[in-house]
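Hello,

The structure is pasted below. My notes on it follow.

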Amino acid sequence: MSQIKTVIWPKVILFGDSITQLSFQPNGWGADIAHKLARKCDVLNRGLSGYNSRWGKILLPRLFSSTNPEENNITAVTVFFGSNDCALQDKNPQQHVPLQEYSENLKEITRLLASVGVSADRVIFITPPPINESAWEKECIVKGCTLNRHNSVAGQYAQACVQAASQCGADVLDLWTLMQKDGQDYTAFLSDGLHLSQEGNQFVSQHLWELLESRVAHLPFILSYWGDVDTKSPESSLLCDQ
């Protein structure tokens, strides 16, 4: 009996903080991307709530196989850090990462991905979105602290992310700029001043797909369409190499 060949599904990895971790909630941007890519690849959520780029850089090697990069079979990786890095040092030193270090961490993440076979052209950086300070301040007060993030500072980290992507040869989705383009009211994109609302999730999904689609357009539909299965000999359709 011939050995059955395992079907290796390509992967899209979503790597980041809580905005990524929450992206698989109903109507989340990650769930929408996964829906678009059903039967073409696995979309894996590697979002880690509260994490910053410093911690992400350290743990990244644990998420990928370095012994045989081909086994990773990664089509694209999104790298979405910054909303915690930009926390004010005097108000939230645990999560804060200095601006220059943040930039270097993103570049190092790209180098680490390259070492496991993920070239820079398959990496999409995502900048932190803007911060609605009045709404986030209310959340901070409930948690017993004072306002620990400023929108202008998030903008500095977004700019650093854009520059790092350019220097690395990666693509970038600049949410901070796009959500405030032409003076539009960006607060509707945020649920609590920091995390995404349903409208914000739709915004991210729409703009990310514009960058991601060209990277996944070549992926075939995995396994036979049910109407094409040979009912007299289903094995000939279901066990053939694809």
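What do the buried residues of helix 8 pack against? They pack against strand 1 (11–16), helix 2 (29–36), strand 3 (74–80), strand 4 (123–126), strand 5 (171–173) and helix 7 (175–178). Contact means heavy atoms within 4.5 Å. Buried means under 20% relative accessible area, exposed over 50%, partly exposed in between (1.4 Å probe, protein chains only). Helices (H or I, at least four residues) and strands (E, at least two) are DSSP runs, numbered from the N terminus.

This is a predicted model: local features need pLDDT of at least 70, side-chain atom pairs pLDDT 80 or more, while totals for chains, interfaces and linings use all residues. Residues are numbered from 1 along each chain as its sequence is written, and side-chain values use heavy atoms, without hydrogens or water.

Helix 8 covers residues 198–216 and has a kink of about 40°, centred on E210. The bend at a residue is the angle between axes fitted to the seven residues ending there and the seven starting there. Among the buried residues of helix 8 are F203, W209 and R215.

R215 also forms a salt bridge with D171; the closest N and O atoms are 3.3 Å apart. R215 lies in helix 8 and D171 in strand 5, so the pair ties together parts 44 residues apart in sequence. R215 is buried, at 15% relative accessible area. D171 is partly exposed, at 27%.

The structure holds five salt bridges (a side-chain nitrogen of Lys or Arg within 4 Å of a carboxyl oxygen of Asp or Glu). Another pairs K36 with D32, at 2.7 Å between the closest N and O atoms.

Best wishes
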